[in-house]
Amino acid sequence: MTVVEAVDSQADAQQELPFALVYGRAVTQMPLDLYIPPDALEVFLEAFEGPLDLLLYLIRKQNIDILDIPVAEITKQYMGYVELMKTVRLELAAEYLVMAAMLAEIKSRMLLPRSAEVEEEEGDPRAELIRRLQEYERFKAAAEGIDGLSRVGRDVIVPKLDAPEARARKLLPDVSLEEVLMSMAEVLHRGDMFESHQVSREALSTRERMSDVLERLKGSGFVPFAELFTAEEGRLGVVVTFMAVLELVKESLVELVQNEPFAVIHVRARAE
């Protein structure tokens, strides 16, 4: 096989490759009765925010100086875009048509011959359009700069909430009634240890009571021991009298006499 025959066979093999499969059958030729509806193809156009945005796009796309706009060329491209939007049945805003009329007016004014005086008086017909385009470009650049900023703190507020401090729950042991009573007894015992009392001078003097007892026994002989005590003086008077009698017995000034066991005790003064 020659080189030419090999190339021809390879070309025939490539031509026989199907470009589609329909229900499992290979289709190698375009059907002659194939109908493509006009709405089958959808054209996606860039979205513009208005006629000024469209004009600025056309100017920047061709690197045209905004201060020296070729109105005829820009108007042609602008109208072509408007016609394209009509073709794909997009709803045109009224401002697009107003801008088209403005471009047509500027184009006609620049094409018509004007005298030097009229040209000096009216100025450049493009001046108002250039001013509006420059102003729109500044606002658009500022909007893009703001859009590039972080959304956090501007459009989105991130909530910040401190988590509560976790505290471990400590299980307390059960307390029996017996343990409570023991603790109460211990508290009472500690209270007794710190109990305070006030020491005051005795209202009754032991020495004075000794003199009173001797005066009572003088010339009386035997006096029953119980008659030396006065119940109205209370416990303090009884204690003082008892101590006075003991002191007198100790100093051998009086003596105690009892005739028989469990009999009445008598007190008498000793003879000098």
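Thr241 touches Arg209, Leu228, Phe229 and Glu233, leaving aside residues up to four places away in sequence. This is a predicted model. Thr241 lies in helix H9.

- Thr241 counts as buried because its relative accessible area is 0%, and buried means under 20%.
- Phe242 is partly exposed, with a relative accessible area of 40%.
- Thr241 and Ser205 are 36 residues apart along the chain. Their C-alpha atoms are separated by 9.4 Å.

**The aromatic pair**
- A search of the whole structure finds one aromatic pair.
- Phe225 and Phe229 form this pair, and the arrangement is edge-to-face.
- The ring centres of Phe225 and Phe229 are 5.1 Å apart, with 70° between the planes.
- Phe229 is also one of the residues that Thr241 touches.

**The nonpolar cores**
- In soluble globular proteins, nonpolar side chains tend to be buried together.
- The largest nonpolar core here has 26 residues.
- Leu55, Tyr78, Met99, Leu129 and Leu133 have the most contacts inside this core.
- Helix H2 (51-61), helix H3 (71-87), helix H4 (94-111) and helix H6 (127-147) each give two or more residues to this core.
- Another core, of eleven residues, lies apart from the largest one. Among its residues are Leu217, Phe225, Val245 and Val254.
- Tyr78 touches Pro51, Leu54, Leu55, Leu58, Tyr96, Met99, Ala100 and Leu103, not counting residues up to four places away in sequence.

Notes: Residues numbered from 1 in each chain as written. Predicted model: local features only at pLDDT ≥ 70, side-chain atom pairs only at ≥ 80, totals over all residues. Heavy atoms only, no water. Buried < 20%, exposed > 50% of the residue type's maximum accessible area, 1.4 Å probe, protein only. Helix = DSSP H or I, 4+ residues; strand = E, 2+ residues; numbered from the N terminus. Contact = heavy atoms within 4.5 Å. Phe/Tyr/Trp six-rings, centres within 6.5 Å; stacked < 30°, edge-to-face > 60°. Core = buried A, V, L, I, M, F, W, Y, C linked by side-chain atoms within 4.5 Å.
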